[in-house]
Amino acid sequence: MDRHDELAAQFEARRGRLRAVAHRMLGSARDADDAVQEAWLRLSRAGGAGIGNLTAWLTTVVSRVCLDMLRARTAHPEEPYGDDLPERAAGAGPEEEAVLADSVGLALLVVLETLSPAERVAFVLHDLFGVPFDRVAAITDRSLPAAKKLASRARHKVRGTPAVPAAEQDRHREVVEAFLAAARGGDLDALLGLLAEDVVRRADPATLPPGVAAELRGARAVAEGTVLLRERARFAAPALVDGRVGLVVAPRGQLRYVLRVTVEGDRVTAYEVVADPARLRGLKLAVLDVPAADWAPDAAEGSPSSW
């Protein structure tokens, strides 16, 4: 095996980890693959000479590529609007499919989109992958204290601020998750058991098929309206919406709608489907469960603190 083949083998051994980092930074499997491929091209040109810790070097390269991509995306944002849900997550790789099926992962991808590029990179590297702050500082071109502040601000945004006590939030979450399960299954009876008799559903008109009323009143009408749009539920996940448990609908991790859900006792008394980009930007979204760091460096590479 020549030097190039050996380098390629070492890179392939780290591809999965690099793609995981890039995917969480970019929220797109396709973009993550592009970032990882760029890292390989740079490694191939460099030839590996003088690289003492290949995992750290590649993670740094991928992170900087992702940071540039995020900045470009911020400069030229796209604002999807309306009833634009695919039948399947077209083009998604196995990892993205897994994240989309995981409600915590899906909500996290949505909330990460609300961070600035530098905040997102700092949070993903440190909080999700355990990269030490001195490396985060170098990647983001910040001082060490500034890098820590980036991650701290991001962490606060990701966790949010609950508007109700923990016990009440847990009860609301149970109701919302049951509502989501019933919606996914098109279970009319279960929905009727979860909706208050005088429940109200309001929706931005662009989220609805032609001829469907923007406002529905009464458990039967709301339940039937929810079943009618049940295909969207498979792209939904619980999240904090303005401090209360609600739902985000995000095919391929890209936010389309937010459901602001009002729960009283063990019933949903109202929910509103928000899709207008200006209104979406005004909502404070956060995750219900912040994942622990999942960085697991190879023994040969040493611990993250050795970076």
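What is the volume of the largest cavity? The legends below answer this question and describe other close-up views.

The structure is a predicted model, in which local features need pLDDT of at least 70, side-chain atom pairs count only at pLDDT 80 or more, and totals for chains, interfaces and linings use all residues. Residues are numbered from 1 along each chain as its sequence is written, and side-chain values use heavy atoms, with hydrogens and water left out.

**View 1. The largest cavity has a volume of about 230 Å³.** A cavity is a set of points, on a 1 Å grid over the protein atoms alone, where a 1.4 Å probe fits but cannot get out; its volume is the space filled by probe spheres set on the points, which are joined across faces, edges and corners. The structure holds two cavities of 30 Å³ or more.

**View 2. The lining of the largest cavity comprises 19 residues.** Lining residues have an atom within 4 Å of a point. Nearest the centre lie Thr226, Leu229, Arg232, Leu259 and Tyr271. By type, the lining has 13 nonpolar, three polar and three charged residues; Ala, Val, Leu, Ile, Met, Phe, Trp, Tyr, Cys and Pro count as nonpolar, Asp, Glu, Lys and Arg as charged, and the others, Gly among them, as polar. Helix H9 (166-185) gives the largest share, three residues. Helices (H or I, at least four residues) and strands (E, at least two) are DSSP runs, numbered from the N terminus.

**View 3. Strand S3 (residues 236-241) is largely enclosed by the rest of the structure, because six of its six residues are buried.** Buried means under 20% relative accessible area, exposed over 50%, and partly exposed in between (1.4 Å probe, protein chains only). In a regular strand the side chains alternate between the two faces of the sheet. Ala236, Pro238 and Leu240 point one way from S3, whereas Ala237, Ala239 and Val241 point the other way.

**View 4. S3 pairs with strand S4 (residues 244-249) in the antiparallel sense through six bridges.** Two strands pair if DSSP finds at least two bridges between them. Opposite Ala239 stands Gly246 of S4. The two strands form a hairpin with two residues between them, and Asp242 in the turn has a positive phi of about 50°. S3 also pairs with strand S7 (residues 285-286), antiparallel over two bridges, where Leu240 has Ala286 as its bridge partner.

**View 5. Helix H1 (residues 3-26) has a kink of about 45° centred on Arg14.** The bend at a residue is the angle between axes fitted to the seven residues ending there and the seven starting there. Arg14 is one of the buried residues of H1, which also include Phe11 and Leu18. Just after H1, Gly27 takes a positive phi of about 75°.

Methods:
On a 1 Å grid over the protein atoms alone, a cavity is a set of points where a 1.4 Å probe fits but cannot get out, and a pocket is an open set with protein on both sides within 12 Å along at least five of seven lines; lining residues have an atom within 4 Å of a point.
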